[in-house]
Amino acid sequence: MSADLVWSVIRNRSSFLVKRNGLQLTSEPFNLKNENSFKFSGLANSKAVDITPNKERGVVLSLKSKKRSNQYKLKTNKTVLRRDFRRSSRSIVSQLKQYRPDLRNAALARLSAITKASKTVAVQKKKSRRSAKKQ
């Protein structure tokens with residue numbers, strides 16, 4: 001089916017659709033900004049991008065494959081990016097340059113949010129004040 005036909009069917013009737021406070025958001029996979037729009041829809045577009053946190057560390061970049069769209073397990077190409085933010089962002093930009101260049105900023109924003117949320121804050125030990133010894 002064409003992407004326009006799929007979008008016209010799922011636009012207002014998707015099970016992933018969340019309507020709150022005048023906003024229409026989606027929780028569908030392959031939607032980088034969770035907006036209910038054709039550009040970011042992972043269900044309607046044959047080429048879609050998803051960035052999720054990895055279990056251990058880093059992120060997983062998933063690209064939807066057009067060739068194997070009928071087979072659920074094989075329709076995504078997953079790449080695990082375990083290095084620092086700068087190298088991960090460079091890898092994402094280089095892969096999206098040919099695939100979907102219009103999603104570059106949204107993908108980098110998602111990467112930034114995931115890496116910021118996954119950083120652990122070092123807890124500093126409180127220094128105890130010593131009272132003067134009584135003699």
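Predicted model: local features only at pLDDT ≥ 70, side-chain atom pairs only at ≥ 80, totals over all residues.
Local features require pLDDT of at least 70 and side-chain atom pairs count only at pLDDT 80 or more, whereas totals for chains, interfaces and linings use all residues. Residues are numbered from 1 along each chain as its sequence is written, and side-chain values use heavy atoms, with hydrogens and water left out.

Helix α2 spans residues 85-99; helices are DSSP runs of H or I with at least four residues, strands are runs of E with at least two, and both are numbered from the N terminus. Its 15 residues reach 21 Å from first C-alpha to last, close to the expected 21 Å, which is 1.5 Å times one less than the number of residues.

Within α2, S88, S89, I92, L96 and Y99 are buried (under 20% relative accessible area, with exposed meaning over 50% and partly exposed in between; 1.4 Å probe, protein chains only). These buried residues fall within an arc of 95 degrees seen down the axis of α2, so they line one face of the helix; the arc is taken from the directions from the helix axis to the C-beta atoms. They pack against β3 (49-53), β4 (59-64), β5 (76-81) and α3 (104-118), where contact means heavy atoms within 4.5 Å. On the other side of α2, R90, K97 and Q98 are exposed.

V93 also belongs to α2 and, at 23% relative accessibility, counts as partly exposed. Not counting residues up to four places away in sequence, V93 touches R104 and L108.
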